[in-house]
Amino acid sequence: IRVACRRAIREDIRISTVAAAGNGGPGAGTIATPASDPLVIAVGSLGVEPYGVLDYSSRGPTREGYIKPDLVFFGDRLLLASSKSDTAFAVRSGTSFSAPAIAGVSVLVKDLVVRITGDMSIIYLPMEKVFELFPPSCRKPPGLPMGKDNASGYGMPFGDLILKMFNPPSPASQIFPDLSPILGLGLAGMVLGGMVKSFKKRR
């Protein structure tokens, strides 16, 4: 699986690969494959109340010594569609439900940039550059160490921090020099504003 992920990431397609960290926590060294790969975005789970990394969310380091997960997102007692019927719902928890949310955030941001600027380069951004965008776009639960750690990674992405990244002279403005019109039109705020409001309520 890791070999397949590497091919998707490294070749011309450059697919950003997101994977659940696993539900083997809270012990160290429990990150699952392919989330253990350094270029795969590993996602752990957060609880809403209390706001923090859930015990079952897998922790790093990996066997190769990489700090994982990379990001975290809400994954506790989520109301989801059930396979029992077209109208049935079920409550589920786990990192498998946190990972799709991170993938969705990534797609929304990329789609917004492409629609407004017409620049497709953001879709093919090398994974090394993608990882550089995590520290300034995330907040960590209280009580965790600064920087990346083996419980929460860089933290959870917040819409307001993502918007700030597009303002000069941030490092992101050098990667995406044509993003200033986005803020002027206010469309980024429309897409990400709901995320920010939801996160603040949950905190």
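Reader: Which residue does E132 form a salt bridge with?
Author: In this predicted model, E132 forms a salt bridge with K129, and the closest N and O atoms are 3.9 Å apart. E132 and K129 are 3 residues apart in helix α3, which means that about one helical turn separates them.

Reader: And how accessible is E132?
Author: E132 counts as partly exposed, at 45% relative accessibility. K129 also counts as partly exposed, at 36%.

Reader: How many salt bridges does the count come to?
Author: The count comes to 8 salt bridges. One of them joins R2 and D37, with the closest N and O atoms 3.2 Å apart. R2 lies in helix α1 and D37 in the loop between β1 (18-20) and β2, so this pair ties together parts that are 35 residues apart in sequence.

Reader: Is D37 buried or exposed?
Author: D37 is buried, with a relative accessible area of 2%, whereas R2 counts as partly exposed at 24%.

Reader: Which residues are linked with R2 in a network of salt bridges?
Author: The network links R2 with R6, D37 and E64.

Reader: What about D76 and R77?
Author: Their side chains meet in a salt bridge of 2.9 Å, N to O. D76 is buried, with a relative accessible area of 19%, while R77 counts as exposed at 56%.

Reader: Let us turn to D70. Where is its place?
Author: D70 is in the loop between β3 (52-53) and β4. D70 is buried, with a relative accessible area of 1%.

Reader: New topic: which residues of the largest nonpolar core touch the most other members?
Author: Those are I41, L46, M127 and M156, in a core of 31 residues. Among the elements that each supply at least two residues of this core are β2 (41-47), α2 (95-117) and α5 (159-165).

Reader: What is M127 in contact with, neighbours within four places aside?
Author: M127 is in contact with I9, S16, L39 and I41.

Reader: Lastly, how many disulfides does the structure hold?
Author: The structure holds 0 disulfides. As for the cysteines, C5 is buried, with a relative accessible area of 9%, and C138 is buried with a relative accessible area of 9%.

Conventions
Residues are numbered from 1 along each chain as its sequence is written. This is a predicted model: local features need pLDDT of at least 70, side-chain atom pairs count only at pLDDT 80 or more; totals for chains, interfaces and linings use all residues. Side-chain values use heavy atoms; hydrogens and water are left out. A nonpolar core is a set of buried Ala, Val, Leu, Ile, Met, Phe, Trp, Tyr and Cys residues joined through side-chain atoms within 4.5 Å. Buried means under 20% relative accessible area, exposed over 50%, partly exposed in between (1.4 Å probe, protein chains only). Helices (H or I, at least four residues) and strands (E, at least two) are DSSP runs, numbered from the N terminus. Contact means heavy atoms within 4.5 Å. A disulfide is a pair of cysteine sulfur atoms within 2.5 Å. A salt bridge is a side-chain nitrogen of Lys or Arg within 4 Å of a carboxyl oxygen of Asp or Glu.
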